[in-house]
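Here are my notes on the two-chain model, as numbered points. Please read them beside the coordinates.

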Amino acid sequence: MDILVCVKRVPMVGGRIAVTPDGQDVDTRMSGFTVSPHEECAVEEAVQLTQRLGGTVTVLTLGPPEAADQLRDMLALGASHARLLETDGREWGPMATADAIADAARRDGPYDLLLFGNEAADTGDYQVPVRVAHALGLPCVTGIKHLEVDGGGARARREYRGNEEVFDIPLPAVVSVKEGINLPRYPSLPGRLRAKRAAIDTGHPPWHGEGLRKDGLRVPAQEQRQAQLLGSGVEAVPALVALLDELGVLR
Amino acid sequence: MTVLCVVEADEGGLADSSRRVLAFARGLAGSSGENLAAALFGPAAGVPAGELGECGVPDGYAIDSAELTGYAPLAWARALSGLAASLPATAVVAAGTDRGSELMAHLAAITGQPMAANCVSAARDEAGGCRLVRHRWAGSLLEDATLDAPVAVLTVAVDAVAPTPAGAPAVTAVHAVEPELEPGDLRVRATESATRGTGISLATARVVVGGGRGVGGPEGFAPLEELAGLLGAAVGVSRVVTSQGWRPHTQQVGQTGTRITPELYLACGISGAIQHMAGCLGAKHIVAINTDAGAPIISRAEYAVIGDLSEVIPALIAGIRQHNDKS
């Protein structure tokens with residue numbers, strides 16, 4: 001089976017996140033880049049499926065030329081082909097992004113399965129997979145934590161408010177997955193070497209504006225506080241027990 | 001002109017996330033003098049009219065048909081788009097849960113509208129657009145944004161909006177709505193829905209005991225489990241713990257795990273990465289136990305103990321036992 005997996009290059013944020021002086025972007029001078037954990041799991045899922053069933057895994061991203069680094073990371077995990085939809089540094093909204101991905105899938109496909117992460121780590125728009133499914137006329141399930149593929153169909157499971165929901169869907173289909181669906185492998189050395197040499201197929205899709213416009217980014221006010229110290233080591237325990245009592249969490 | 005909210009109810013009444021959606025939507029409707037309405041799926045008899053009234057909702061719409069049994073994302077979105085067109089709605093708002101996000105994404109795709117996910121507040125501007133504040137990085141950053149669309153399709157960051165009741169309650173009239181579906185709308189539907197897992201749910205636990213890299217390994221969780229048992233708490237972990245395979249992913253608290261909303265989050269050996277803290281926005285009080293006074297968690301917690309878990313946790317367990325024996 002032929003699988004398309006879409007990923008997004010995002011800053012690798014650790015303990016703190018800062019905004020550029022013009023308030024328009026995350027300050028990435030001190031950070032590396034990565035893809036969302038959901039998307040890494042989507043690539044792992046695709047690699048496992050094709051190892052079992054045969055076929056190809058094409059990993060696609062829309063982003064700046066540097067996003068080729070993330071494609072190579074995914075090739076090192078076992079993806080077979082890479083496709084970069086190159087942008088010129090402008091921020092792409094979810095509607096334009098979905099249009100570009102749907103066009104690429106039409107042109108390069110057909111694919112039996114289109115996998116996405118449930119939501120991008122940075123913008124958290126939650127809509128690109130659904131919009132791509134509508135553009136291609138395909139069934140779509142999101143938030144999937146367990147996927148079985150056999151023959152022309154798939155059974156997808158997810159959690160909802162403590163319950164499990166099960167969806168039986170025909171293929172081809174669009175599925176967005178969440179971290180926890182699998183435990184992604186570490187890239188192997190041969191995988192890394194192959195990824196370094198692999199060709200990346202590059203296109204330049206047209207940008208378009210959309211109704212939702214970013215005016216600026218800021219750090220929420222509550223980020224700047226400092227904890228009240230109850231003490232060090234075991235000496236702090238009486239104060240901690242008293243605090244828990246005061247908060248009403250002791251029986 | 002109506003702000004239409006998608007709400008959920010079960011035997012326990014109106015869902016907490018729905019109260020938060022309605023509190024958010026009152027802000028939007030109030031800024032423009034629009035009506036507030038709620039839609040929910042199921043028979044009219046299941047509409048919690050009293051609770052909707054407390055939330056200031058004069059009109060409740062029960063979307064129900066023989067075809068629509070169980071959850072079917074595209075069919076539900078189609079039904080909402082029909083109802084929104086008939087009112088007509090100038091905004092459709094749902095909780096930023098998996099289901100709410102999925103429904104609004106389908107609705108936006110069906111109607112060709114933009115969608116703003118995880119909003120914290122919204123108000124109409126003079127030009128008739130929406131001025132929004134919404135989450136980025138799962139709430140670690142805020143985005144100020146403008147939405148220009150005939151119908152504003154929004155989801156609400158429910159852990160950032162309080163479920164306050166309306167200042168002026170309403171008497172809710174309940175209307176039954178028969179949806180018009182299109183062929184293929186029911187191609188995707190939940191075929192079974194099984195309750196699983198017993199014990200305290202991480203998402204709704206009143207107390208969560210969290211463990212991170214500082215726990216040291218899988219065996220280090222035994223004292224945390226014991227502490228959680230004493231407090232009637234759920235155990236949550238950071239991403240490093242699940243990616244090391246020390247604990248299952250179902251226990252992960254964070255941007256790609258579970259969002260928690262406890263009274264108390266006791267974060268043990270957790271550095272406080274952005275990824276983790278995004279899952280704790282709804283925690284009322286955070287107490288950190290960490291060896292490193294410079295860890296990011298210390299500037300995010302309300303209280304902190306600087307110390308080694310292997311000493312502090314057993315002493316804390318003993319201290320709580322002693323307290324419980326006395327009382």
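How many bridges join strand β16 (residues 285-290) of chain B to strand β17 (residues 303-306) of chain B, and do they run parallel or antiparallel?

1. The two strands, β16 and β17 of chain B, are joined by 4 bridges and run parallel. Within this pairing, B:N290 has B:I306 of β17(B) as its bridge partner. Strands are DSSP runs of E of at least two residues, helices are runs of H or I of at least four, and both are numbered from the N terminus. Two strands pair if DSSP finds at least two bridges between them.

2. On provenance: this is a predicted model, in which local features need pLDDT of at least 70 and side-chain atom pairs count only at pLDDT 80 or more, while totals for chains, interfaces and linings use all residues. Residues are numbered from 1 along each chain as its sequence is written, and chains are lettered from A and ligands numbered from 1 in the order in which they are written.

3. β16(B) and β17(B) belong to an open sheet of 6 strands, ordered β14(A)-β17(B)-β16(B)-β15(B)-β13(B)-β14(B), with parallel pairing. β14 of chain A and β14 (234-237) of chain B are the edges; each has a single partner strand, so one side of each lacks a neighbour in the sheet. From one strand to the next the twist averages 20°.

4. Helix α6(A) lies across β14 of chain A and across β16 and β17 of chain B, at about 140° to β14(A). Axes here are lines fitted to C-alpha atoms, for helices over the stretch in contact, and angles run from 0 to 180 degrees between N-to-C directions.

5. The contact between the chains takes 70 residues from chain A and 74 residues from chain B; residues are in contact if their C-beta atoms, placed from the backbone, lie within 7 Å. Elements giving two or more residues on the chain A side include α1 (37-53), β13 (212-218), β14 (228-232) and α6 (237-246).

6. Chain B has 8 helices and 17 strands. Buried residues make up 57% of its 327 residues, where buried means 20 or more other C-beta atoms within 10 Å of the residue's own, again placed from the backbone. Of the contacts in chain B with a separation of 6 or more, 64% are between residues 24 or more positions apart.

Definitions and conventions:
Buried ≥ 20, exposed ≤ 12 C-beta atoms within 10 Å, placed from the backbone. Contact = placed C-beta atoms within 7 Å.
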